[in-house]
Each structure stands twice: as C-alpha cells, then as structure tokens.
Amino acid sequence: YTAKGDYDRAIQDFDQSIKLNPTYAKPFNNRGVAYLRKGEYDLAIKALDEAIKLNPNYGGAFANRAGIYLKKNEYDRAARDYDEAIRLEPNLEAVWNGRCWTRAILGALQAALEDCNKALQLGPNDAATYDSRGLIYLKMGQFDAAIDDYNSALRFEPKLPSALYGRGLARL
C-alpha cells in the first residue's frame, strides 16, 4: 500500500502488525515512513521514536527520522540522527547525502563536501548528491565546480528544480 501511495491503508496494516507483535521495530519504522509521506511529521517522529526505542541499533529508523527533521527545518537534530545512522549503517548511500545536505545548510562546508564525496563513492549516479555538492561549491564560491555538479545532477534528473536554480546562480 505504501508503494501505491495508499498510506492510510498501509498505516492500518502497520497498526495491525504492531498489535500482533508490539516489540517488533520494523512496523513502527514503516508506519513512520507512511506518515512522513502523508506530511504528518509529528506522527511520523512518534512512530520512529518507538522503533528506535525498541531497537537502538536500527540505522534506517535514525535515517528516516533525520529526513523528517530536515523537512521541519530542525537541522541540528537531523545532523545528530544522520551521525547515528552512519555509525550504525555506514554503507547506506542516502544517509551520507542527507548529512551532506544538512551540513551544507549548517555551514560546515568541508565536512559536507566529504560526506557528498562518500555518497558518490557508494552511488555515483545520484542526482540529489550532485545537487547537494553543487550547493556546497556554490557556497564556497567555486562556481565552475558548482556548474559541473549541477550539470551532472541534470544528466540524471533533467528537470530537477534545485539544480536548475543553483546552476543559474553559479552562472551569474
């Protein structure tokens, strides 16, 4: 149901799974993701908090909660959750890009650049990571490098609004 975008039915199934086994963290995580996709961030965080409480080594739950904190502009909290997700599951490409973006927003540009480079080592065809690294180069005043990364992002996602905007700024 989640894959089909029927989040309410997915949540009903996750609720039923939780009733059957209230100590299993995965349905709490998945319910959190469904709430995230519905835009119900506080309910999503509550579900992910429970998943993490049940399994403090669940890197994916930390990564999902970090993504919600990003959406809520709570960057310090997102950074802490990305740190924990990376500690627990360092081979998840998305957590490196998530922390890269978060650090870029917070102004930790060199650390953000290192995270983006690690993400690109794990997944070299990710438009979002090139877009994130383009932002870093833009903030560093390295406009040619920013344009190159935005071009790379646009090769994979030709209509990515943030890459088009960033490339335009870099060209200016």
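The side chains of R99 and D83 meet in a salt bridge, with 2.8 Å from N to O. The model in which this pair is found is a predicted one. Because R99 belongs to helix 6 and D83 to helix 5, the pair ties together parts that are 16 residues apart in sequence. R99 also forms a salt bridge with D115, where the closest N and O atoms are 2.7 Å apart. D115 lies in helix 7 (residues 109-122), so this second pair likewise ties R99 of helix 6 to a part 16 residues apart in sequence. R99 is buried, with a relative accessible area of 10%, and D115 is buried at 2%, whereas D83 is partly exposed at 34%.

Over the whole structure, 14 salt bridges are found. One of them joins R77 and E74, whose closest N and O atoms are 3.2 Å apart. R77 counts as partly exposed, at 40% relative accessibility, and E74 is also partly exposed, at 23%. Both residues take part in a network of salt bridges that links D42, K72, E74 and R77.

The largest nonpolar core has 29 residues, and those with the most contacts inside it are A51, A61, I68, Y82 and V95. Two or more residues are given to this core by each of helix 1 (7-20), helix 2 (25-38), helix 3 (41-54), helix 4 (59-71), helix 5 (75-88) and helix 6 (93-106). Helix 4 gives the most, with seven residues. When its neighbours within four places in sequence are left aside, A61 is in contact with N29, L48, A51 and I52. Another core, of 21 residues, lies apart from the largest one and includes C116, L135, A153 and L154.

One aromatic pair is counted in the structure. The ring centres of Y130 and F156 are 6.1 Å apart and the ring planes stand at 15°, so the pair is stacked. This pair links distant parts of the chain, since Y130 is in helix 8 and F156 in helix 9, 26 residues apart. Y130 is buried, with a relative accessible area of 14%, while F156 is partly exposed at 37%. Elsewhere, K118 lies over the face of W96, at 5.8 Å from the ring centre.

In helix 10 (residues 161-171), the buried residues are A163, G166, R167 and A170. These residues cover an arc of only 100° around the axis and therefore lie on the same side of helix 10. Their cover includes helix 8 (127-140) and helix 9 (143-156). On the other side of helix 10, P161 and Y165 are exposed.

Methods. Residues are numbered from 1 along each chain as its sequence is written. This is a predicted model: local features need pLDDT of at least 70, side-chain atom pairs count only at pLDDT 80 or more; totals for chains, interfaces and linings use all residues. Side-chain values use heavy atoms; hydrogens and water are left out. Buried means under 20% relative accessible area, exposed over 50%, partly exposed in between (1.4 Å probe, protein chains only). Helices (H or I, at least four residues) and strands (E, at least two) are DSSP runs, numbered from the N terminus. The arc is that of the directions from the helix axis to the C-beta atoms. Contact means heavy atoms within 4.5 Å. Rings of Phe, Tyr and Trp (its six-membered ring) pair if their centres lie within 6.5 Å; planes under 30 degrees apart count as stacked, over 60 as edge-to-face and the rest as tilted. A charge sits over a ring if NZ of Lys or CZ of Arg is within 6 Å of the ring centre and within 35 degrees of the ring normal. A nonpolar core is a set of buried Ala, Val, Leu, Ile, Met, Phe, Trp, Tyr and Cys residues joined through side-chain atoms within 4.5 Å. A salt bridge is a side-chain nitrogen of Lys or Arg within 4 Å of a carboxyl oxygen of Asp or Glu.
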